[in-house]
Amino acid sequence: MGNVFVLDHPLIQHKLTYIRDKNTGTKEFRELVDEVSMLMAFEITRNLPLQEATTETPVTEATTQVLAGKKIGLIPILRAGLGMVDGMLNLLPAAKVGHVGLYRDPETLTPHEYYIKLPSDISERELIVLDPMLATGGSANDAIHSLKKRGAGNIRLMCLVAAPEGVEVIKQDHPDVDIYLGAMDDKLDEKGYIVPGLGDAGDRLFGTK
């Protein structure tokens, strides 16, 4: 069964407070999501493999450590997932970025795929699916299915906030996928929104209603 990690670093929790605040404007909201994504990237990459290298310092030759060539792919779920990409790329500039476009039927809450563009070597990469909110789990679940049917085998999911209902959907349908969260919230309301949540992440990132 996939593991669920709540990243309780003080800086992540501090910045999440302002992301949740309804009075935080679009510019600041976007900057905070960028910053939290970068901090979460630091945590999610903690176990990347290292290999030895030899480096000539100004003093002497030293045995040092570099990443062991693990290929990373970032897969934002459109559109809100786009807000998390730049923060991740700050720490993982060599990562390739794919996109999965899904929309949620407002009546049934069922996700529908309308766009997908992925790196050609997706099966060789460790993929990190990005979506600020894991609510019903429908969109993330569908995105992970889309990746798997195209050959992906190593997938993690990273979200700012999640509802327990959405986490359970991913754990049941994708027991091989680890989930990384900034916070586990209380529940979903009758409209499928996370409570207390942070509102509609896409609208708040892009200034739309």
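**Salt bridges and the annotated site**

Reply: Glutamate 124 is exposed, at 51% relative accessible area (exposed is over 50%, buried under 20%, partly exposed in between, with a 1.4 Å probe and protein chains only). This is a predicted model, where local features need pLDDT of at least 70 and side-chain atom pairs count only at pLDDT 80 or more, while totals for chains, interfaces and linings use all residues. Residues are numbered from 1 along each chain as its sequence is written, and side-chain values use heavy atoms, with hydrogens and water left out.

Me: OK, which residue does glutamate 124 form a salt bridge with?

Reply: Lysine 71, with the closest N and O atoms 3.2 Å apart. A salt bridge here is a side-chain nitrogen of Lys or Arg within 4 Å of a carboxyl oxygen of Asp or Glu.

Me: How many salt bridges does the structure hold?

Reply: It holds 12. One of them pairs glutamate 31 with lysine 27 at 2.7 Å, N to O. Both lie in helix H2 (residues 26–44), 4 residues apart, about one turn of the helix.

Me: Is lysine 27 buried or exposed?

Reply: Lysine 27 is exposed, because its relative accessibility is 59%. Glutamate 31 is partly exposed at 37%.

Me: Switching topic: what does the UniProt "binding site" annotation cover?

Reply: In the unreviewed UniProt entry it covers residues including Arg79, Arg104, Asp131, Ser139 and Asp200. Positions follow the numbering used here, feature names are shortened, and annotations may be inferred rather than shown by experiment.

Me: Where is aspartate 131?

Reply: In the loop between strand S8 (126–130) and strand S9 (133–134). Aspartate 131 counts as buried because its relative accessible area is 10%. Leaving aside neighbours within four places in sequence, its contacts (heavy atoms within 4.5 Å) include Ile77, Met84 and Leu160.

Me: And serine 139, where's that found?

Reply: Serine 139 is in helix H4 (residues 138–149).

Methods
Helix = DSSP H or I, 4+ residues; strand = E, 2+ residues; numbered from the N terminus.
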